[in-house]
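Please read them alongside the coordinates.

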Amino acid sequence: GLGAGPIPAYDLGGSGCAGFLQAVDVARSRVLSGKRRVLVVGVELLTRLMDWEDRSTAILFGDGAGAMVIGDVGDRGGQILGAIAGTDGSKWDILCLRVGGTRFPFNLDRAQRREHREVTMRGPEVFRAAVSHMSSASAQLLDQLGLTVDDIDLVVPHQANKRIIDAVTRTLKADPARVYINVQDFGNTGSASVPLALTQARDEGRVPPGSRVLLTSFGAGFHWASLVLQF
C-alpha cells in the first residue's frame with residue numbers, strides 16, 4: 001500500500017506493547033550501519049482479540065497506530081541520544097494470548113471454544129514486572145547518558161494504566177507534572193501508545209525545542225525498552 005518497493009520489512013509483533021520502542025532501537029542500529037531512513041510503525045487492533053464477556057481485560061484495551069521515521073530528517077525531529085531494551089522469556093505466561101503461536105496453533109476447534117480470545121493477564125505479577133523493568137531500564141539508560149531524571153523535560157510511558165505509570169513515576173522520582181498521560185482517552189493501545197502519546201504531547205506544546213524526552217514501555221513476552229530523545 002505504501003509503494004515501498006523491494007526494501008526489507010519485518011514484524012516485531014511478538015514484543016507486544018514494547019514493540020514500538022524495541023523496533024526504534026533496531027531501526028537506529030540499521031541507520032547507524034548505513035541505511036538512510038527506516039519507517040517504524042506501531043499498530044494495534046486489540047479490540048478484535050478481546051472476549052467481550054471477560055470484563056477483566058476487554059475494558060482496558062483500545063485500537064491505535066503511530067509511526068516514526070528514523071534517520072536523517074534534518075531539524076524536523078528529535079535526536080536519539082540512547083536506547084536500551086530487554087526480554088525475560090520466563091515471564092511469558094503472565095501476559096499472553098496463548099492460542100495462535102506454534103505451541104497452541106489456531107484451528108477451528110479452538111476457535112469454536114473461543115480460546116483464541118483468551119487473553120491471560122495476571123494483574124499483580126504484571127504490575128510488579130512492568131514497574132520494575134520500566135524503572136530500571138530508564139534509570140540505567142539515564143546513567144549511561146550521564147543524565148538524571150531532573151534533566152528530562154517529559155516522560156512518555158507506555159499507557160497501560162495509571163497505577164503503573166504512577167508507580168514508575170515514584171520509583172524514578174520524576175515530577176508528576178512532567179509525565180504525560182492519555183490512557184484515560186484511548187485505553188491501552190499497545191505498541192501504538194507511546195507514539196500516540198508523544199505526538200499528542202508535541203501537538204499540545206509539551207515538547208518545545210531543546211526538550212529531552214524519556215520514552216519507556218513494557219509488553220507481553222516479557223519485553224521492555226527505554227529511549228531518550230533530544231528535540
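1. The side chain of Ser 226 forms a polar contact with the side chain of Thr 216, at 2.9 Å. A polar contact also links the side chains of Ser 226 and Ser 138, at 3.1 Å. Note that this is a predicted model.

2. Ser 226 lies in strand E8. Its relative accessibility is 1%, so Ser 226 counts as buried, the cut-off being under 20%. Leaving aside residues up to four places away in sequence, Ser 226 touches Gly 82, Ala 83, Ile 84, Met 134, Ala 137, Ser 138, Leu 141, Leu 214, Leu 215 and Thr 216.

3. Strand E8 (223–230) is also among the elements against which the buried residues of helix H6 pack; the others are helix H1 (19–32) and strands E2 (63–71), E6 (154–157) and E7 (212–219). Helix H6 itself spans residues 193–203, and its buried residues are Ser 193, Val 194, Pro 195, Ala 197, Leu 198 and Ala 201. After H6 comes Gly 205, with a positive phi near 80 degrees.

4. Helix H1 has 14 residues and reaches 20 Å from first C-alpha to last, close to the 20 Å expected at 1.5 Å a residue. Gly 19, Phe 20, Leu 21, Gln 22, Ala 23, Val 24 and Ala 27 of H1 are buried. The cover over these buried residues includes strands E1 (37–45), E2, E3 (79–87), E7 and E8, together with helix H6. Just after H1, Gly 34 has a positive phi of about 125 degrees.

Conventions
Residues are numbered from 1 along each chain as its sequence is written. This is a predicted model: local features need pLDDT of at least 70, side-chain atom pairs count only at pLDDT 80 or more; totals for chains, interfaces and linings use all residues. Side-chain values use heavy atoms; hydrogens and water are left out. Buried means under 20% relative accessible area, exposed over 50%, partly exposed in between (1.4 Å probe, protein chains only). Helices (H or I, at least four residues) and strands (E, at least two) are DSSP runs, numbered from the N terminus. Contact means heavy atoms within 4.5 Å. A polar contact is a pair of N or O atoms within 3.5 Å; within protein, one must be able to donate a hydrogen and the other to accept it, and residues adjacent in sequence count only if both atoms are side-chain atoms. The expected span of a helix is 1.5 Å times one less than its number of residues.
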